[in-house]
Amino acid sequence: MGRVVFIGAGPGAADLITLRGARVLAQAEVVLFDALTDPALRAFAPDANWVHVGKRGFADSTGQATINALLVRHAREAGLVVRLKGGDPSVFGRLEEELEALAAAGIDCEVVPGVTAALAAAAETRRPLTRRGTGRSVTLSTAMTREGALQVGTKGHHADTEVFYMAGRQLAALARRLRKAGWAADTPVSVVSRAGWPDALASAHSLATLGQATVLHSGRPTVVTVGAGAAAVSRTRSESPLLEAGQEPEETLSA
């Protein structure tokens, strides 16, 4: 009987994996990897059996029951199985379901954390998620239900900064829901797609103009930051400018 290690690969380029994650990955016999993990990570474990178990919104995906069964099967046949997840395993990574499947099968496991997309988006835009005096709380939410419907409450906002994952196709609807929840029309919003990758795109908006970001970020994994953490800081020479509403994407600097 082997063991399973869940590793957060980070939100983009291979060098965002942690040192611990890279060290454990190099020892893997089998790697079950997500769709959004960087193919360059294969260099850490070139002799391992790499098994694609990716999930993509509105696209072909591997069912969760299948992933659970593959984890158990490979753990019974190999010494070390790595479950390589994009971002951090515990943030919208269905970690609980996979941990439960392994526990039911009596298989030992470990979790190695990774950089989640909200942090990569904040780094890309140089807009800190927390601010002294104005940004003391942050929430991470998924904007979509399992069926693909928009999932945003309308009973007030819950933190100074709210970050929404998987909202790229529903930005206009997200803006309307947030307005109903009490956010002002001029609330700053930062939208980053493919955060952590060399081709990351970032744009700055207010809630009133958020819908204009749809075309720019279409078809790209997108993180939306609303509130204090989306506000611009004093510009420095090293700051990467965001696109303002209506600008062309070629004006954005890559990460």
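**Close-up views of a predicted model**

**View 1. Phe92 and a nonpolar surface patch.** Phe92 is partly exposed in this predicted model, with a relative accessible area of 37%. Phe92 lies in a loop that runs between strand E4 (80–85) and helix H3 (95–104). Together with Val138, Leu140 and Met166, Phe92 makes a nonpolar surface patch of about 310 Å².

View 2. Helix H5 spans residues 171–180, and its buried residues are Leu171, Leu174, Ala175 and Leu178. These residues lie on the same side of H5, because the arc they cover around the axis is only 100°. Arg176 and Lys180 are on the other side of H5, where they are exposed.

**View 3. Cover over helix H5 and the residue after it.** The buried residues of H5 are covered by elements including strand E7 (161–165), helix H6 (213–217) and strand E10 (222–227). Gly182 follows H5 and has a positive phi, near 110°.

**View 4. Confidence along the chain and residues 248–255.** The chain has a mean pLDDT of 87, with 84% of its residues at 70 or more. Over residues 248–255, pLDDT stays under 50. For residues 248–255 the model has 21 contacts beyond four places in sequence.

Conventions:
Residues are numbered from 1 along each chain as its sequence is written. This is a predicted model: local features need pLDDT of at least 70, side-chain atom pairs count only at pLDDT 80 or more; totals for chains, interfaces and linings use all residues. Side-chain values use heavy atoms; hydrogens and water are left out. Patches are made of residues with over 30% relative accessible area and no salt bridge: like charges are joined within 9 Å, nonpolar side chains (Val, Leu, Ile, Met, Phe, Trp, Tyr) within 5 Å. Accessible areas come from the Shrake-Rupley method with a 1.4 Å probe; for residues, only the protein chains shown count as cover. A salt bridge is a side-chain nitrogen of Lys or Arg within 4 Å of a carboxyl oxygen of Asp or Glu. Helices (H or I, at least four residues) and strands (E, at least two) are DSSP runs, numbered from the N terminus. Buried means under 20% relative accessible area, exposed over 50%, partly exposed in between (1.4 Å probe, protein chains only). The arc is that of the directions from the helix axis to the C-beta atoms. Contact means heavy atoms within 4.5 Å. pLDDT is the predictor's confidence in each residue, from 0 to 100.
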